[in-house]
Protein chains: 2
Amino acid sequence: MKHAPLVDQLINAFTCLPGVGPRSAQRMAYALLDRGRESGRRLGDALHAAMDGVQHCERCRNYAQSTLCPVCEDPRRDASLVCIVATPGDVLAFEQSGEYRGQYFVLMGELSPLDGIGPRELGLDVLEQRLNEGQISELILATGTTVEGEATAHYVLGLAQDAGVGVSRIAQGVPMGGELEFVDGATLAQALKGRRPFDA
Amino acid sequence: MKHAPLVDQLINAFTCLPGVGPRSAQRMAYALLDRGRESGRRLGDALHAAMDGVQHCERCRNYAQSTLCPVCEDPRRDASLVCIVATPGDVLAFEQSGEYRGQYFVLMGELSPLDGIGPRELGLDVLEQRLNEGQISELILATGTTVEGEATAHYVLGLAQDAGVGVSRIAQGVPMGGELEFVDGATLAQALKGRRPFDA
């Protein structure tokens, strides 16, 4: 490399981002140096602010700037309904649907003992405590439909049953607007199994 | 959005990077927040250091940390030979070939009057001045083979001829290790036109 050291250092630092190799990192560094110094400084500020200022919500483990996240802080949210999701991105997806008025519990992962991710790493002790507080009347399971997601769902089911709290799971079936012929067999089988009485 | 504001701000800031949309930006922010806070801080530092500390070399316009870039500062480089390239990435490509011991002049773009990029924007006044100083004996043109690259090459040719400096252009032809049947017609035509006497 015959870059100025600061340029090399910047290119190197960019490769810590997911999906960014040496080529894209170089492109990013050049773009900012050529015609985006202000954006570059803004990104630097945003990085420092977020790395130092973002913690996890005490109640739901989602990203938060204070002890509670915006959802848990909102008194209009129904605290008796808690949706269990794997990532903050899942919370966002539910929020964008505009249909859900309860709270969340974000596992920040899924059970995967081989990778050293057990119940403690997912904060399930915190969830157990909340279940025993008696404020929650229904848990909605919305973990993934992978092996890890299923295992996590079953573990949480056990916790809820121990605490005498009702558990539901979001429906699995054919997505809205999807053409039936492109839906895979496993999904169709689930959709059949989960069929419901139809009335207008 | 129901992210903590600092997280939103970080995701937004990431979208200033080339090739990064809202989805990838979210993925990057989560990756750093989940398991890369140290890398995140390092990237923030590298950004600030580069945005504030990188300027352009006075002689060749490449990125530099002081008035001269590492190549122009190196007394072992042949200052009578100057290679004209469009971007710092091109300099890197030449350096990695290990074959070139002269200096560079980096245009940081190519002539494109419709986009407001004229000779001044490419620093060609600086190049003209260097040509008139009399230290340069040969200019090697290595701009792209696009319309803009050709236009730029011809403009630089004019400057060099006015100053009585010899001009060459890097060879256009079949790439090393390439299969002839996959080489496009224009390249083959150039390769034929540029054929040279062959001896062992």
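This is a predicted model: local features need pLDDT of at least 70, side-chain atom pairs count only at pLDDT 80 or more; totals for chains, interfaces and linings use all residues.

Visitor: How can chain B be laid on chain A?

Guide: By a turn of 180 degrees and a shift of 0.0 Å along the axis, which gives an RMSD of 0.1 Å. That relation is the one of a two-fold axis.

Visitor: Which residue of chain B comes closest to the rotation axis?

Guide: B:Gly44 does, with its C-alpha at 2.1 Å.

Visitor: And how much of the contact surface of chain B recurs in chain A?

Guide: 100% of the contact residues of chain B recur in chain A, so the same surface serves both copies.

Visitor: Switching to the sheet in chain B. What's the strand order?

Guide: The order is 4-3-5-6, in an open sheet of four strands with parallel pairing. Strand 4 (102–106) and strand 6 (166–169) of chain B are the edge strands, each pairing on one side only.

Visitor: How much are neighbouring strands turned against each other?

Guide: On average by 30 degrees, with direction ignored.

Visitor: How many bridges join strand 3 to strand 5 of chain B?

Guide: Four bridges, between residues 78–85 of strand 3 and residues 138–141 of strand 5, and the two strands run parallel. To pick out one pairing, B:Cys83 has B:Ile140 in strand 5 of chain B as its bridge partner.

Visitor: Which helices pack on that sheet?

Guide: Helix 5 (residues 88–97) of chain B is one of them, touching strand 3 and strand 4 of chain B. The direction of helix 5 makes about 160 degrees with that of strand 4. Helix 6 (residues 124–133) of chain B packs on the sheet too, where it touches strand 3, strand 4 and strand 5. For helix 6, the angle with the direction of strand 4 is about 150 degrees.

Visitor: OK, new topic. Is A:Gln26 buried or exposed?

Guide: A:Gln26 counts as buried because its relative accessible area is 15%, and the cut-off for buried is under 20%. This residue is found in helix 2 (residues 22–35) of chain A.

Visitor: What does A:Gln26 touch?

Guide: Leaving out residues up to four places away in sequence, A:Gln26 touches A:Ile11, B:Gly89 and B:Leu92. As for where one of those chain B contacts sits, helix 5 of chain B covers residues 88–97.

Visitor: I've got my eye on A:Met108 as well. What is its phi?

Guide: Phi of A:Met108 is near 55 degrees, a positive value in a residue other than glycine. A:Met108 lies in the loop between strand 4 (102–106) and helix 6 (124–133) of chain A. At 21% relative accessibility, A:Met108 is partly exposed.

Visitor: And what about B:Met108?

Guide: Phi of B:Met108 is near 55 degrees, again a positive value in a residue other than glycine. B:Met108 has its place in the loop between strand 4 and helix 6 of chain B. With a relative accessible area of 22%, B:Met108 is partly exposed.

Visitor: Zooming out, what does the domain assignment give for chain A?

Guide: Domain 1 (5–53) and domain 2 (63–169). Taken over C-alpha atoms, the centres of these domains of chain A are separated by 34 Å.

Visitor: What feature does UniProt place at residues 80–175 of chain A?

Guide: The UniProt record gives "domain: Toprim" for that stretch. Over residues 80–175, chain A is 39% helix and 20% strand, and the end C-alpha atoms are 28 Å apart.

Note on methods. Residues are numbered from 1 along each chain as its sequence is written. Chains are lettered from A and ligands numbered from 1 in the order in which they are written. Side-chain values use heavy atoms; hydrogens and water are left out. Two strands pair if DSSP finds at least two bridges between them. Axes are lines fitted to C-alpha atoms, for helices over the stretch in contact, and angles run from 0 to 180 degrees between N-to-C directions. Contact means heavy atoms within 4.5 Å. Buried means under 20% relative accessible area, exposed over 50%, partly exposed in between (1.4 Å probe, protein chains only). Copies are superposed by least squares on the C-alpha atoms of residues with pLDDT of at least 70 in both. Domain bounds come from an automatic or database domain assignment. UniProt positions are given in the numbering used here, feature names are shortened, and annotations may be inferred rather than shown by experiment.
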